[in-house]
Amino acid sequence: MLEKYIKTSPEWLNAKGEEADIAISSRIRLARNIKDIPFAHWAPMNDLEKVTKMIEEAIFRIVSFKNADIIRQNDLVPLQKQFLIERHLVSPEHGNSKLGSVVVSEREIISIMINEEDHLRMQVLSSGLNLIDTWQIIAKVEEELSAILPFAFSFDFGYLTACPTNVGTGMRASIMLHLPALSLSNRIEKIIPFLSKVGMVSRGFYGEKSETFGDLFQVSNQITLGKKEEELIENLLKVVRQIIEYEREERELLRTKGGIQMEDRFKRAYGLLVNAKLIPSREAMELLSIIRLGIHLGFLPSVPTERLNRLLVFTQPAHLQLAIGGPSNPAVRDRGRAELIQRELGIKQ
């Protein structure tokens, strides 16, 4: 089932959206539950089976899911489960669900986690700063599903969800930003605390509870109750556009005043990536962040942004191991990572 995913790249990595050098991806997720059935964590197995059957039957009546795959967590080994997390198709918690599965549309634009914290977690991922189109896609899917499935809804609170922080719209919109210049100048340390004052939050590469690395920040709305989805998206876009403007200011300062020290830093990182025989995962992410900045500022040989995006995902441990045929020790993975990076940078065939 996962073979075709190992060999192909999801559309959200293609770097074709607005501001794609900084905004890697846009994502909107909607949480929904089936009326009169306990939330997934409290539901007995027969209810979870009923939820799965209802959702799967509904999905295949929708054109958007023509040729979609259904991947069941119980059919996967831990390495395959980790692959889905690295691919941003499921959350880390979904692998532990009692009867979890994920529906994945063609090109991985739309996915639906079944029986995670909520019965349905619908997600649309797109490239660049593209929340408006992303919202239109997921709103259409939600409208079609709501015509078939009885979602739990309260006229006082909105959509009912397992976690109170999602009650209301059940919507979480986010932008994955690459902010190396703000990190280098330490301005990011002032921006992150400010986000909570305007109802936003910054998370790591894999979302909630995940660690920030490689200067990648996932900025999302924190409030889901009391405002319409369009208003939440508009507020998030305003904040993200301001952050991107700050990042561009700092990049211009580095380009014009960074001097030989910055050029040396970029070329040292590039030299390591193109010559090293073993590259651990964390080091790869940090070095890729530096050379991505160096390439966009014109200090290093040009590499298509789409390739740099692919490296963020395809250098992760589960992707590397499944690409070479199965579980392997860290040294084998580090060697495979070095070779992959050097091929994508055009150093090796």
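Predicted model: local features only at pLDDT ≥ 70, side-chain atom pairs only at ≥ 80, totals over all residues.

Biologist: Great! How many cavities of 30 Å³ or more are there?
Modeller: The count comes to three.

Biologist: How much space lies in the largest cavity?
Modeller: The largest cavity holds about 60 Å³ of space.

Biologist: And which residues line the largest cavity?
Modeller: Its lining is made up of Trp 12, Ser 25, Ser 26, Arg 27, His 88, Leu 125, Ser 174, Ile 175, Met 176 and Gln 218.

Biologist: Which elements each supply at least two residues of that lining?
Modeller: Those are β1 (23-32) and β8 (171-178).

Biologist: What about the classes of residue in the lining of the largest cavity?
Modeller: That lining has five polar residues, four nonpolar ones and one charged residue.

Biologist: Okay, new topic! What volume does the second largest cavity have?
Modeller: The second largest cavity comes out at about 50 Å³.

Biologist: Who lines the second largest cavity, and which residues are they?
Modeller: You'll find His 178, Gly 214, Leu 216, Leu 288, Ser 289, Arg 292, Leu 308 and Leu 312 around the second largest cavity.

Biologist: Which element gives the most to that lining?
Modeller: That would be α9, with three residues. Both α9 (281-296) and α10 (305-314) supply at least two residues each.

Biologist: Last one: how many nonpolar, polar and charged residues are in the lining of the second largest cavity?
Modeller: Here the lining has four nonpolar residues, three polar ones and one charged residue.

Conventions:
Residues numbered from 1 in each chain as written. Heavy atoms only, no water. 1 Å grid on protein atoms, 1.4 Å probe; cavity = no way out; pocket = protein on both sides within 12 Å on 5 of 7 lines; lining within 4 Å. Points joined across faces, edges and corners; volume = space filled by probe spheres on them. Helix = DSSP H or I, 4+ residues; strand = E, 2+ residues; numbered from the N terminus. Nonpolar A, V, L, I, M, F, W, Y, C, P; charged D, E, K, R; others polar.
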